[in-house]
Amino acid sequence: MSKKMTIVEVTEWAIKNRLKINFTEAYDDSVKVNGIIDANYQKGDIIEQGSVVKVTLSLGTLKMPKFKSLNDFYTWANSHQIRYEEKHEFSDKVKAGEVISYSHKVGDAIKNEDTIVVTISDGEMKKVPDLDGLTKSEAITKLDKADLNYTFIYKNSDKKKNIVIDQSIKAGSEISSGTTITITLSNGEKEEETTNNRKTTVDNSDN
């Protein structure tokens with residue numbers, strides 16, 4: 001069968017040759033509405049009677065819709081096999097995980113070779129404070145001011161108890177508001193090596 005055939009011509013051809021036909025639809029900017037995009041048999045192929053001919057018809061050019069959420073975009077793009085790429089940027093106005101912008105505006109035509117770029121917010125940018133040597137309470141004050149979450153762990157050290165000796169994200173790093181940092185505090189005990197000396201008793205008494 002030829003891709004230049006109309007739906008009516010394809011249907012008449014299938015009936016005449018005692019073939020079953022299965023129509024599906026897809027968007028394609030290069031094929032007019034109801035035109036044939038593809039078929040599982042091409043012109044010149046030998047087809048046995050009773051075979052199923054699968055024909056994909058064009059719905060025309062797909063237009064960019066308006067999305068309520070990022071998940072809606074993912075569902076739409078995957079269902080139409082639209083290629084997309086993600087970019088991440090800090091934003092003071094858009095919450096982390098929400099869309100800042102799309103490369104295509106609502107109503108734009110989506111061409112077959114297009115890739116939609118979706119820019120996603122990483123939230124407000126924060127700089128990690130330097131906590132080395134601070135007390136636990138001083139570290140908490142700085143972390144709260146920077147709008148960062150935190151957890152504490154303890155490690156043996158020769159420094160005083162509750163003094164910061166390490167942080168999981170180095171000072172000056174640019175991270176999203178609400179990121180969790182693990183702070184290592186001294187437990188005030190220096191780790192020491194323990195040697196077990198076995199005492200041997202010698203009995204010098206006469207037998």
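1. The salt bridge. In this predicted model, the count comes to 1 salt bridge, a term that requires a side-chain nitrogen of Lys or Arg within 4 Å of a carboxyl oxygen of Asp or Glu. The pair consists of glutamate 124 and lysine 126, with 3.5 Å from N to O. Side chains of opposite charge can pair when their charged atoms come close. Glutamate 124 is partly exposed at 35% relative accessible area, whereas lysine 126 is buried at 16%. Here buried means under 20% relative accessible area, exposed over 50%, and partly exposed in between (1.4 Å probe, protein chains only).

2. Basis of the values. Residues are numbered from 1 along each chain as its sequence is written, and side-chain values use heavy atoms, with hydrogens and water left out. Because the model is predicted, local features need pLDDT of at least 70 and side-chain atom pairs count only at pLDDT 80 or more, while totals for chains, interfaces and linings use all residues.

3. Helix α2. Helices (H or I, at least four residues) and strands (E, at least two) are DSSP runs, numbered from the N terminus. Which residues of helix α2 (residues 70-79) are buried? They are Leu70, Phe73, Tyr74, Trp76 and Ala77. An α-helix has 3.6 residues a turn, so residues three or four places apart point the same way. The buried residues of α2 pack against β4 (62-63), β5 (83-89), β6 (99-102), β7 (109-110) and β8 (115-121).

4. Two residues with positive phi. Glutamine 81 follows α2 and lies in the loop between α2 and β5. Its phi is positive, about 55 degrees, although glutamine 81 is not a glycine, and the residue is exposed at 74% relative accessible area. Asparagine 34, also not a glycine, has a positive phi of about 70 degrees. Asparagine 34 is placed in the loop between β1 (20-26) and β2 (36-39) and is partly exposed at 40%.

5. The largest pocket. The largest pocket has a volume of about 260 Å³, a volume being the space filled by probe spheres set on the points, which are joined across faces, edges and corners. Of its 15 lining residues, Tyr27, His80, Gln81, Ile82 and Asn112 lie nearest its centre.

6. Isoleucine 110. This residue lies in strand β7 and is buried, at 4% relative accessibility. Contact means heavy atoms within 4.5 Å. Leaving aside neighbours within four places in sequence, isoleucine 110 is in contact with residues including Leu62, Trp76, Ile82 and Ile116.

7. Is serine 176 buried or exposed? Serine 176, in strand β12 (residues 174-176), counts as buried at 17%. Leaving aside neighbours within four places in sequence, its contacts are Phe90, Asp122, Glu124 and Leu148. Aspartate 92, by comparison, is found in the loop between β5 and β6 and counts as exposed at 67%. The C-alpha atoms of aspartate 92 and alanine 109 are separated by 31 Å, although the two residues are 17 apart along the chain.

Conventions. On a 1 Å grid over the protein atoms alone, a cavity is a set of points where a 1.4 Å probe fits but cannot get out, and a pocket is an open set with protein on both sides within 12 Å along at least five of seven lines; lining residues have an atom within 4 Å of a point.
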